[in-house]
Amino acid sequence: MKISHPNAYWNGQPPENVFLVTDDMGAQISSGYVVYQYYPHLYPDRPVNIFFQAEGERSGQYMLFGALIARARQLRDQNPGEQARIYTCVDPKNQALIDFYAHSGMNCSEREIAMRLAIPEGQVQVPAGCSTELTPLYMPEQQMAFLDRMQRNDVSQVDATFLVQLMRTEHFHAVGLFSAGQLAGEILVAGNGPQAELVAFYISQPFRRRGLGTAMCRWALWTLSLEGVQVAGARFVTRSLPQKALCKALGASETATTAVFPQLFM
């Protein structure tokens with residue numbers, strides 16, 4: 001077997017971050033890539049997060065895994081003053097792959113959990129001095145600007161394709177929270193019929209630690225209830241302290257494990 005880089009960008013990733021494994025006949029059997037991420041708010045204990053994705057035949061698994069981890073360590077060494085982790089995402093039903101990463105020395109205890117959120121029974125208002133406005137998303141440039149603001153505030157799970165899909169749902173809302181006339185944060189909810197999901201939200205750095213995130217989420221849940229939503233959900237990762245605190249504040253209860261995150265700490 002042989003491992004190499006592609007000659008050009010591959011699925012949006014630079015060649016040096018992509019690895020291709022071929023067999024003795026030159027046929028590609030595995031591929032993978034790494035992505036450097038910096039999330040100081042979401043993971044204050046380890047702000048440097050290096051994600052890797054690997055797929056393909058089991059015969060090339062060990063070679064590919066070794067190359068990805070080596071490249072991840074190189075990226076991590078570019079910022080030696082910060083604590084870091086290297087991680088990937090696995091379907092919780094794929095026990096064989098989880099076992100492979102566990103046997104390779106990775107910690108497989110972190111999960112993404114689907115939660116059911118408690119819908120407020122009475123009217124909920126935004127905090128004094130704050131107001132809400134719909135985020136305009138009519139034009140592609142407005143959608144890209146919205147996604148850019150999300151990404152700059154550690155929200156990366158929503159891309160342009162997913163956003164368009166969400167916009168077609170019955171209970172779609174993208175709403176900005178303003179404090180003294182300044183954009184403090186935004187929230188995105190979507191769903192159909194009696195069910196909806198809190199997809200994403202952020203509070204920008206100058207407005208954090210004031211309870212605005214919890215207040216905005218409660219207001220959004222109350223707004224959904226006015227449209228007939230009876231079940232509201234969200235997904236949270238178990239290692240994020242801010243997300244744990246939000247779950248508690250919103251009276252959330254766990255319903256299922258939706259992903260496993262094997263990881264190495266550095």
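**A first tour of this model**

Student: Which residues does L212 touch, not counting residues up to four places away in sequence?

Tutor: Contact here means heavy atoms within 4.5 Å. Skip the residues up to four places away in sequence, and L212 touches P127, C130, L177, A184, I203 and F207.

Student: What kind of model are we looking at?

Tutor: Residues are numbered from 1 along each chain as its sequence is written, and side-chain values use heavy atoms, with hydrogens and water left out. Local features need pLDDT of at least 70, side-chain atom pairs count only at pLDDT 80 or more, and totals for chains, interfaces and linings use all residues, all of this for a predicted model.

Student: Back to L212: is it buried or exposed?

Tutor: L212 sits in helix α5, residues 212-226. Helices (H or I, at least four residues) and strands (E, at least two) are DSSP runs, numbered from the N terminus. Buried means under 20% relative accessible area, exposed over 50%, and partly exposed in between, with a 1.4 Å probe and protein chains only. L212 has 6%, so this residue is buried.

Student: Which residues is Q143 in contact with, leaving aside its neighbours within four places in sequence?

Tutor: Q143 belongs to helix α3. At 14% relative accessibility, Q143 counts as buried. Leaving those sequence neighbours aside, Q143 is in contact with L137, Y138, L163, V164 and M167.

Student: What is the phi of D154, in the loop between α3 and α4?

Tutor: Most residues other than glycine have a negative phi. D154, which follows α3, is buried, with a relative accessible area of 11%. Its phi is a positive value in a residue other than glycine, near 70°.

Student: What is the phi of N11?

Tutor: N11 lies in the loop between β1 and β2, and at 63% relative accessibility this residue counts as exposed. N11 is not a glycine, yet its phi is positive, near 55°.

Student: Which strands are the edges of the six-stranded open sheet?

Tutor: Two strands pair if DSSP finds at least two bridges between them. The six strands run in the order β1-β2-β3-β4-β5-β13, with mixed pairing. Each edge strand pairs on one side only, and the edges are β1 (2-4) and β13 (263-265).

Student: How many bridges join β3 to β4?

Tutor: Strands of a sheet pair through backbone hydrogen bonds, either parallel or antiparallel. In β4, I50 stands opposite Y36, while V48 is the bridge partner of Y38. Strands β3 (28-38) and β4 (48-56) run antiparallel, and the number of bridges joining them is nine.

Student: In which sense do β4 and β5 pair?

Tutor: F51 stands opposite Y87 in β5. Over four bridges, β4 and β5 pair in a sense that is parallel.

Student: How many disulfides does the count give?

Tutor: A disulfide is a pair of cysteine sulfur atoms within 2.5 Å. C89 is partly exposed, at 34% relative accessible area, and C108 is buried, at 15%. The sulfur of C89 is 12 Å from the closest cysteine sulfur, in C108, so they are too far for a bond. By this rule the disulfide count comes to zero.
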